[in-house]
Structures are given as structure tokens and as C-alpha cells.
Amino acid sequence: MTLGDDVLFSTVVELGRGLRAGAFGPVELAQAYLDRLESLGPRFGAVISITRERALAEAKQAATELKAGKDRGPLHGIPYGVKDLLAARGTKTTWGAAPFRDQVIDEDSTVVARLRDAGAVLCAKLAMVELAGSMGYEQADASFTGPGRTPWNPAYWSGGSSSGPGAAVAAALVPFAIASETWGSIFFPSTACGVTGLRPTYGRVSRAGAMALSWTMDKLGPMGRSAEDCALVLAAIAGADPRDPTAAARRFRWPEKRRAGKPRLGVLRNATVGVQPEVAERFTAALAVLGQFATLVPDFTLPDLPCDAAATIVIQAEAASAFEDFLASGRARELAAPEDRFGGHVGRVVLATEYIKALRVRGAAARAFADASRDLDGYVAPTLDTVTYPIGKPFEEAWPKIETPPDQKPGDIGGGLANLVGLPGVFVPDGFGREGLPTSLAFTGRPFGEAAILDAAREYQARTDWHRKRPPLSA
Amino acid sequence: VPAPPAGAPAPAASPVPAASPAPAAPALDAAGEARMALLVALAGDTIKPDELAKLRPHVVELVGMAAKLRSTKLPGSAEPHGGLIGNPSGVP
């Protein structure tokens, strides 16, 4: 039996139901996604390695266990992919970069090991912007596998740096994927590809076995077909890890016990000023849906601190250190994007006092945000101010600029504060804008407040069907 | 749209399209020029001369961000003493 789109575009929850009802088996399911990764992956520049042998072995084990009555939980027998900055035994880990295209780190990163223990089936290492964008790329063609393309319109970028996870989930090459965000690498591709993304709180998920770009800002999280799916994946990968001392010993359970009362969500002040009109329209429509079940608190204002500057300085300095030997070796010259061949050197001239000041700003911002959000579960805003960018143009020239009066700047669209202080975010499709490209709604939560924003996002998705839309994939 | 840090997909902070001619060199003060000279010394022959011109706007941007941070007043001794860089003992 060949599994069709109706099965392959299912959520993790639905696939699990099908597996347990015997509608299809883990091997059959893995085979279907592997075939799709092979046939459609190249069209979207989504895949680096297909892990067929490992996938079939894991799927067979999942099938044997299910038959024997051993059920590892909601991810048992569910295929997935990982951004190729996560090590996995028996495969290459290229970091999306030509100088590392033959690199083998022959161990499972903690996230891959936890998913293996949860019964999930690793099918692919997915494409990404080279070195997760740490060299300062300025256009989409910045990976040795070429630009990632959104399945909604392959002339447009699938976003970065998690370009492969976004495209692969959108085209149903996998039901979910693990991505990373330092600043934007989950929320941008989630928007560009019209899928749901979860950026966990800094420290929620171990980074052991993941490429380091910025030790104090890197986060790993899932991209999937729904908030519910992302929550189930988070429950499997979260928690303390001796291999990553920053991983917190805080449990994340899903489903969380439903809290009494409505969720309270701030609406970011001036959230629609300076954004594309279609993005603003979709956000306004999303607010109407949120208002059906949440208390919306208007004019939520973020701390007046230079968070974007601080985040930039932190990332530049930490990336320059993480890649110090690489930069000195001259191997950056082998990178795909011309600007990446030299851009990483800028971080080498950040002064120590500037880095420390950025960390102090981070502390002040975290305290101010805690105060401002004390009575809230989080706040909402458009995830991006535009739809994704055309391939072949510098980002700066992607869309006409919309002037924003300085006193009306909304603040954190773009996530500088959220990433600087490590706040969780859930990004869900909320419609379509220019060129029929997806738009997205961002829920940003309080530290370790994933359950509250996931719950709100799940409720939003229960009342809308944007996350159920499928891109046109026929030849 | 925020200035794009490394690792972020936001539009480029300085409008230097790939493979386009370098724009006119923006001005740097003496401290900025010193930073540029340090960058040249550190990079050595891993950077081509024409790329140095393309890097210049990024150094200008860095200097601007640093100035923004420098002008941000924080309470100094009233800031919490801990938590800046974790616990050096390695024990949380």
C-alpha cells in the first residue's frame, strides 16, 4: 500500500493514532517519508543526507516493540529529520558548509539520543545556511547545498538558518524536524514555510552534540505541523544533561494540566506599524480569533534598552571565538556565499568591555521584561514584518522599506530581546500575504513558560485551519 | 527590522549585496580606524584587499552598536552581582 498525502501531511498525533490502529506500520511510514525525501528534497534544497539504513533499523525496532506491547509514547514510530548541525551516529554532520562536508561526529547528540529513546525514527539530516549564518550572510544562496526554497513558491527562500527543517516539514518530507535558533533561525523559516515552530527557553533543551555558534544564545527546538506536535517533541527532548551544564533540570510535561481562567496575552504596542499591509491584516484577524478565548492586554511595551545591539555584539563575539581557528585557517574562503568568506572576522574586533556591557544589558532586559510581563502568559505580534524573500536578491532589497516613525517603533518584531534573554516563542501560520506566501503569528512567553503559550497556540489552531494548508507540490 | 546579527536571517545591516561593487567607504573615527587596522592584522592574507572595503561598513555598524551600548546607563553597583556569566565554579 502506498501512503498518500492525506497520511503524510498528518500531525504526529494523527500518525500515532494510525500506527496504533494498525492502519500502517512504522516501516511502511518511514519508507514513505524516505522516498519523499529522495524525490522532493532536492526541489527545495531541503536535504543533506538521507539516513535510510538507520531509519529502517529504528522503524523495524519500533514495529517489533509495538507488536510486543511496548509503547514508548507519542513519538513511537514517528519519522523526523534534524538540521545538519546536530551530530548523529553513522552520518556526516556538515554544518551546511563546504569545508565540513565530509565531517563525521560519530555520536548521537543528546536531542537525537532522546528522540531515539522516545521511539522516533531519524530519516534525514536537513539543509541549513552554512555555519548557521554566523559569518553574516546577506542573501539566500549561502549553503553548499544551494538556497533553501519554500514549497509555497520555490522562487522564494525557505528562510534561515534552519532552511531544510522548514521546507521539509512544509512539503511533508518529515512530520517534524529539529531546528536551532540563535536569533531568528526557527521563527523565520517557520514563517517562510507556513509551519509551526517552537523556540524553547534558553536552557530548556541540551545542546550537547550541536554546533556552537553562540554559547549563551543557541537554542534547539522543533518545527512541526501544529503547536500540539511541537509540545510533544519538546516533552521528549527537554531536561537536564551532564553534557550541557546550561540545560535546566525543569520538567516539561504535555499535556500540562489546564489552568483555570483565560490566558492573558499582551498585544505588542504598535505591532503593525511598519509591516507589510497583508501581514498587518492577518495579525488583526488573528487577534479577533485570540479574543474569543484569551484576555488581550493592549499596548504591551517592551523594555527601552538596546537589545538588538546587545544581541548582535554577543553573537559576533561568541561566533568569532567559536570559529577562531576556522577563521585563522583561511578555510572560510571555501564557503558558498562570497560575503561569508570574510564576514566572520568582524567579531574579532569586539572589545571585551563591549561584550560585558552587552551582558549587563541582557540582565537589565531580563529583569525589566519579568516586571512588564508579570501578569501575562506572554505577548503576541506578527512573527515577521514581511513575507519571505525572493532568492537571488540581497535581503536588504527584498521588499520596499516601510518607513516607521521613531516614536512608533514596535520593538521586538525580529526577536532581539527575546533571543538576548532566551524567551520561548511559538510561531504559527496565520494566513497568506504577498505572492501567496505564508504569514505568521508569534506568541512570546515568560522564561520556562512554554506550556502557557503552547496552550494558547493550540487553542488558536483549534479555531483556524492555516496550519492545515498544503503547498502546491504537483510538478 | 532589526539589524541582522550573525545567525539571524533578518535583512543585512549594511546594504552590501554579494558580488556588488564596494560602496564608498563610510567614515570611522580614530578608534574605529584602529579597530579596522586590528582586523586587517588579525585576518592577514585570509582576506582579499577588495573584501576589506566590503568589511568596512560592518565595522562602522559595529562601532555604532558599541556606542549605543556605551551610552546606555545602567545602575552599576545596584545591578545584581551574580548571573552575568554564570557561576565560574561550574556549580549552578
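In this predicted model, Arg52(A) has a relative accessibility of 24% and therefore counts as partly exposed. The side chain of Arg52(A) meets that of Asp35(A) in a salt bridge, with an N to O distance of 3.3 Å. Asp35(A) belongs to helix 3 (residues 26-40) of chain A and Arg52(A) to helix 4 (residues 52-67) of chain A, so the pair ties together parts that are 17 residues apart in sequence. Asp35(A), at 37% relative accessibility, is likewise classed as partly exposed.

Glu107(A) pairs with Arg243(A), and their closest N and O atoms are 2.9 Å apart. Because Glu107(A) sits in the loop between strand 2 (79-83) and helix 5 (110-117) of chain A, and Arg243(A) in the loop between helix 8 (227-237) and strand 7 of chain A, this pair ties together parts that are 136 residues apart in sequence. Glu107(A) is partly exposed, with a relative accessible area of 32%, and Arg243(A) is partly exposed too, with a value of 42%.

The second pair is formed by Glu278(A) and Arg434(A), whose closest N and O atoms are 3.2 Å apart. Here Glu278(A) lies in helix 9 of chain A and Arg434(A) in the loop between strand 10 (425-432) and strand 11 (438-445) of chain A, so parts that are 156 residues apart in sequence are tied together. With relative accessible areas of 22% for Glu278(A) and 27% for Arg434(A), each is partly exposed. Chain A also holds a network of salt bridges that links Arg54(A), Glu58(A), Asp108(A), Arg116(A) and Asp117(A). Over all chains, the count comes to 28 salt bridges.

Together with strand 7 and strand 8 of chain A, helix 9 (residues 277-290) of chain A makes a right-handed β-α-β unit. Strand 7 (residues 264-268) of chain A has four of its five residues buried, so it is largely enclosed by the rest of the structure. Strand 7 and strand 8 (residues 295-300) of chain A run parallel and are joined by four bridges. Strand 7 of chain A also pairs in the parallel sense with strand 9 (residues 378-382) of chain A, over three bridges. Gly266(A) takes part in both pairings: its bridge partner is Val297(A) in strand 8 of chain A and Tyr379(A) in strand 9 of chain A.

Just after helix 8 of chain A, Gly239(A) adopts a positive phi of about 125 degrees.

The largest nonpolar core comprises 172 residues, and those with the most contacts inside it are Leu115(A), Leu131(A), Phe176(A) and Phe443(A). Helix 10 (residues 307-322) of chain A supplies the largest share of this core, nine residues. Beyond its neighbours within four places in sequence, Leu131(A) is in contact with residues including Trp95(A), Phe100(A), Met211(A), Phe323(A), Phe326(A) and Leu335(A).

Turning to the interface, chain A and chain B bury about 4,100 Å² between them, with 68% of this area on carbon and sulfur atoms. Glu138(A), Phe342(A) and Val349(A) supply 16% of the area that chain A buries against chain B, more than any other three residues. The contact draws 54 residues from chain A and 41 residues from chain B. Four salt bridges are counted between chain A and chain B. Glu79(B) forms a salt bridge with Arg360(A), and the closest N and O atoms are 2.6 Å apart.

Arg35(B), in helix 1 (residues 30-43) of chain B, has a relative accessibility of 10% and so counts as buried. Leaving out residues up to four places away in sequence, Arg35(B) touches Val349(A), Val350(A), Leu351(A) and Glu354(A) in chain A, and Leu62(B), Val63(B) and Ala66(B) in chain B.

Conventions. Residues are numbered from 1 along each chain as its sequence is written. Chains are lettered from A and ligands numbered from 1 in the order in which they are written. This is a predicted model: local features need pLDDT of at least 70, side-chain atom pairs count only at pLDDT 80 or more; totals for chains, interfaces and linings use all residues. Side-chain values use heavy atoms; hydrogens and water are left out. Buried means under 20% relative accessible area, exposed over 50%, partly exposed in between (1.4 Å probe, protein chains only). Helices (H or I, at least four residues) and strands (E, at least two) are DSSP runs, numbered from the N terminus. Two strands pair if DSSP finds at least two bridges between them. A crossover is right-handed if, with the strands pointing away from the viewer, the path from the first strand over the helix to the second runs clockwise. A nonpolar core is a set of buried Ala, Val, Leu, Ile, Met, Phe, Trp, Tyr and Cys residues joined through side-chain atoms within 4.5 Å. Contact means heavy atoms within 4.5 Å. Buried area is the accessible area (1.4 Å probe) that two parts lose on being put together, summed over both.
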